[in-house]
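Here are my notes on the pockets and the charged pairs. Please read them with the coordinates open.

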Amino acid sequence: MPQKFKFPNAGIHIVSQKVGEADYFLEQLKKNHSWDNEFNYNFSAFVSALRSITFSLQFVMTKYPEFDDWYKIRQERLRSNKLAKAFVEFRNHAQKTGIIPIAKERSILEGIFYETSQFYVPTNSEIKEVPAGNVVELSEKCLIEVLIIINECYIDFDVYIDPRVLFTERALEKLKWTIEDVEEFYGFPRGYTDIYYKDDKVTNSQIRLNMLKSQGGDETLQCYLDKYLKK
């Protein structure tokens with residue numbers, strides 16, 4: 001008998017919460033002027049939340065089949081991405097020194113005039129190069145780079161983590177589950193929905209799964225993917 005898939009205790013909602021956290025601080029950053037203290041506060045919180053998205057993705061997904069090999073390819077892609085690498089350096093530098101390497105709008109720093117809020121290379125730091133451009137715009141661009149990978153994961157592992165796909169007939173085949181297993185998963189007696197529904201257009205199995213699907217969790221990740229990837 002095929003071995004049924006056993007779900008780990010960690011769910012994709014954890015990743016969604018970290019994405020929501022990064023989105024929240026980015027929106028706050030957009031509301032601040034670079035001369036406001038809150039600008040640095042929100043940027044520091046943003047880069048920390050941004051970095052934790054991939055950490056939480058690994059934590060949630062590592063027990064799913066084939067994820068580790070899948071993620072190695074995406075991890076290398078992020079490592080070779082200059083913008084993503086720079087934001088990791090900003091986060092590490094801020095945590096180690098307390099310094100946020102941002103030059104304020106219309107300011108002069110070390111003899112250089114900055115028209116808009118931009119990153120600068122701190123003296124005597126491990127940071128040797130910074131991306132050119134506005135801090136807020138680059139922050140959103142970096143979040144998009146991470147969300148592209150989250151979106152790929154959502155698509156490639158949908159039968160495990162997307163509540164809109166979970167417990168469809170396609171997913172049950174992949175999981176080696178039966179409808180009775182789904183009933184038990186949701187706390188119902190096995191066979192609870194096993195009734196002949198007399199529908200000429202929809203199979204009994206589809207009807208039963210649709211009834212059980214309403215007991216599942218809400219989809220929370222798509223709104224962020226739509227917000228940033230469909231612009």
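Is Glu27 buried, partly exposed or exposed? The model is a predicted one, and its Glu27 is partly exposed, with a relative accessible area of 25%.

1. Glu27 has a partner in Lys227: the two form a salt bridge in which the closest N and O atoms are 3.0 Å apart. Lys227 belongs to helix α10 (residues 222–229) and Glu27 to helix α1 (residues 13–31), so this pair ties together parts that lie 200 residues apart in sequence. Lys227 is also partly exposed, at a relative accessible area of 33%.

2. A second pair links Glu180 and Arg208, whose side chains meet in a salt bridge at 3.0 Å, N to O. Glu180 sits in helix α8 (residues 179–185) and Arg208 in helix α9 (residues 204–213), so the pair ties together parts 28 residues apart in sequence. Glu180 is partly exposed, with a relative accessible area of 22%. Arg208, by contrast, is buried, at 7%.

3. Salt bridges with shared partners also join Asp23, Glu27, Lys30, Glu140 and Lys227 into one network. The pair described in point 1, Lys227 and Glu27, is part of this network.

4. A local pair is found in helix α3, where Lys72 and Asp69 are 3 residues apart, a separation of about one helical turn. The closest N and O atoms of their salt bridge are 4.0 Å apart. The cut-off for a salt bridge is within 4 Å. Lys72 counts as exposed at 53% relative accessibility, and Asp69 counts as exposed at 54%. The count for the model comes to 19 salt bridges.

5. Which helices build the lining of the second largest pocket? At least two residues come from each of α2 (37–61), α3 (67–79), α4 (82–97) and α5 (135–156). Helix α2 gives the most to this lining, with 6 residues.

Technical notes. Residues are numbered from 1 along each chain as its sequence is written. This is a predicted model: local features need pLDDT of at least 70, side-chain atom pairs count only at pLDDT 80 or more; totals for chains, interfaces and linings use all residues. Side-chain values use heavy atoms; hydrogens and water are left out. Helices (H or I, at least four residues) and strands (E, at least two) are DSSP runs, numbered from the N terminus. Buried means under 20% relative accessible area, exposed over 50%, partly exposed in between (1.4 Å probe, protein chains only).
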